[in-house]
Amino acid sequence: MRILLASLQGSSPAADVPVAAMVVLDDQILATATNEREQRNSILAHAEILALERSAALRGDWNLSGATLYVTLEPCAMCAGAILQSHIARVVFGAYDIKSGALGSRYLINTANLEIVGGVLEQECSQVLTEFFGSRR
């Protein structure tokens, strides 16, 4: 999670919401990503989706069984669906998202096969978002 938080340092207030994601398999980082919705003008360019796509491209296989997805904010419903479709084994996230979190806060999109660990470095992850939205007001 600290790797992801470091990747968000220096984010511009005019940039995307500072969320970062990373896919790890067999103790190796396959891919990292940050939100690029504003940059790409794309609804789908969430950090989780981009990290999953990059990992699948690297492996030449969309099936990411056994991998762990780390993300600084609880995934939304769209991302939770992509996580399930990719067969990720475990999701570890920092800040809870009570407005649209889909791994337990607002919704629970899960199967018995997905391990969910929330609240890892929660305060630090939440602080990045608080500072971002504070600078936009």
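This is a predicted model: local features need pLDDT of at least 70, side-chain atom pairs count only at pLDDT 80 or more; totals for chains, interfaces and linings use all residues.

Residues are numbered from 1 along each chain as its sequence is written, and side-chain values use heavy atoms, with hydrogens and water left out.

**Cysteines**

- Searching the whole structure turns up zero disulfides (a disulfide being a pair of cysteine sulfur atoms within 2.5 Å).
- For Cys76, the closest cysteine sulfur is that of Cys79, and at 3.8 Å it is too far for a bond.
- Cys125 is in no disulfide either, as its nearest cysteine sulfur, in Cys79, sits 15 Å away.
- Cys76 is buried at 17% relative accessible area, and Cys125 is buried at 2% (buried is under 20%, exposed over 50%, partly exposed in between, using a 1.4 Å probe and protein chains only).

**Helices α3 and α4**

- Helix α3 covers residues 47-59 and helix α4 covers residues 77-86 (helices are DSSP runs of H or I with at least four residues, strands are runs of E with at least two, and both are numbered from the N terminus).
- Their axes are 9 Å apart and meet at an angle of about 20° (axes are lines fitted to C-alpha atoms, for helices over the stretch in contact, with angles from 0 to 180 degrees between N-to-C directions).
- That makes α3 and α4 roughly parallel, a label for angles under 35 degrees.
- On the α3 side, Glu48, Ile49 and Leu52 meet Met78, Cys79, Ala82, Ile83 and Ser86 of α4.
- The residues of this contact split into six nonpolar, one polar and one charged (Ala, Val, Leu, Ile, Met, Phe, Trp, Tyr, Cys and Pro count as nonpolar, Asp, Glu, Lys and Arg as charged, and the others, Gly among them, as polar).

**Leu73**

- Leu73 belongs to strand β3, residues 68-73, and is buried at 15% relative accessible area.
- Beyond its neighbours within four places in sequence, Leu73 is in contact with residues including Val19, Glu48, Phe93 and Leu129 (contact means heavy atoms within 4.5 Å).
- Leu73 and Gly101 are 28 residues apart in sequence, with their C-alpha atoms 8.2 Å apart.

**Positive phi in two loops**

- His87, in the loop between α4 and β4, has a positive phi near 65° without being a glycine.
- Leu121, in the loop between β5 and α5, also isn't a glycine, yet its phi is positive at about 50°.
- His87 is partly exposed at 39% relative accessibility, and Leu121 is partly exposed at 22%.

Definitions and conventions
Angles under 35 degrees count as roughly parallel, over 145 as roughly antiparallel, 65 to 115 as roughly perpendicular and the rest as oblique.
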